[in-house]
Amino acid sequence: LCFYSLPAALISSEYIRLPDNILKLIYTLLMFSVSYSLLKPKNSVDLILNSEDNSSIVTNTLIDKSGNIYNYPKAEISSVEGSIVSLGGLLCGLLGVGVGETIVPQLVNKKIPIPIVAATSTLVVALTCFVSAGVQISILVNAGGISAIPWNLVIYMIPGVIIGAQIATLLQGKLSQDLIETYIGTLFLSIG
C-alpha cells in the first residue's frame, strides 16, 4: 500500500497546486464513494465469506496480546485498488487527508478484521503523512521561515489526535465489525 501512497503524496506535495473549490470537490466525491463502499448492502458472496464455514478461504491467522484470534483472507491489491490508494496519497499531499479513507474500505471489503485494518491503515497513513508533511514543512520554511508554520493549529490538534487514538484503542474489539463499518460509513457520508 505504501508503494502506491508514498510516491503520490510526494509528487502532489511538491508539484501540484489546485484551487480550494476543486480540492473540496475531489474530497467530497471521495467521502461519498467511501461511505457507499462501507454502507452498501452485502450481497450473497459477502454473506458466504462472512459465514462460519470459511476455513478454505482463511490464509492468515493473528493472535493479539489479549488472546483474540483473527483469521482472515490474504489481501491482494489489484492495480485498480492501488490506483485508488494513489489517489489517497495525492490527496494526502494536497490536503493532509485521504490515504486512510481509501485504504479502510478496501481492506474491510476484503473481509479483513477491523483491528488488522486499523493497524495497517495507521501504518500506511503515518508513513505517507510523514513524507507529505516533510515536503510541506520544507516548502513553508523556504517561503517564510519557521514562523510560517501555523504552530497554533498544530498545538491545538495534537491533544485531540492523542485522545481520539486512546479512546479508539480502548474500544477496539468491543464493538462489532458491522457496527464499526456503519459508523465509519455514516461519518464519511456526513463529512462529504
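This is a predicted model: local features need pLDDT of at least 70, side-chain atom pairs count only at pLDDT 80 or more; totals for chains, interfaces and linings use all residues.
Helix H5 spans residues 99-109, and because ten of its eleven residues are buried, the helix is largely enclosed by the rest of the structure. The buried residues are Val99, Gly100, Glu101, Thr102, Ile103, Val104, Pro105, Gln106, Leu107 and Val108. Their cover includes helices H1 (2-15), H2 (20-39), H4 (79-95), H6 (114-144) and H8 (177-191). Just after H5, Lys111 adopts a positive phi of about 70°.

Two packed helices are described by the angle between their axes and the distance between the axes. For H5 and H6, the axes come within 9 Å and cross at roughly 155°, and since angles over 145 degrees count as roughly antiparallel, H5 is roughly antiparallel to H6. The crossing of these two helices is right-handed. On the side of H5 the contact is made by Val99, Gly100, Ile103, Val104, Leu107 and Val108, and on the side of H6 by Ile114, Val117, Thr120, Ser121, Val124, Val125 and Thr128. Sorted by class, this contact of H5 with H6 comprises nine nonpolar and four polar residues, with no charged ones.

Strands E1 (residues 60-63) and E2 run antiparallel and are joined by four bridges, with Ile63 standing opposite Ile69 in E2. Five residues lie between the strands of this hairpin, in which Gly67 takes a positive phi near 90°. In a regular strand the side chains alternate between the two faces of the sheet. In E2 (residues 69-72), Tyr70 and Tyr72 form a covered face, whereas Ile69 and Asn71 form an uncovered one.

Conventions. Residues are numbered from 1 along each chain as its sequence is written. Side-chain values use heavy atoms; hydrogens and water are left out. Buried means under 20% relative accessible area, exposed over 50%, partly exposed in between (1.4 Å probe, protein chains only). Contact means heavy atoms within 4.5 Å. Two strands pair if DSSP finds at least two bridges between them. Axes are lines fitted to C-alpha atoms, for helices over the stretch in contact, and angles run from 0 to 180 degrees between N-to-C directions. Angles under 35 degrees count as roughly parallel, over 145 as roughly antiparallel, 65 to 115 as roughly perpendicular and the rest as oblique. A crossing is left-handed if the near helix is turned anticlockwise from the far one by less than a right angle, and right-handed if clockwise. Ala, Val, Leu, Ile, Met, Phe, Trp, Tyr, Cys and Pro count as nonpolar, Asp, Glu, Lys and Arg as charged, and the others, Gly among them, as polar.
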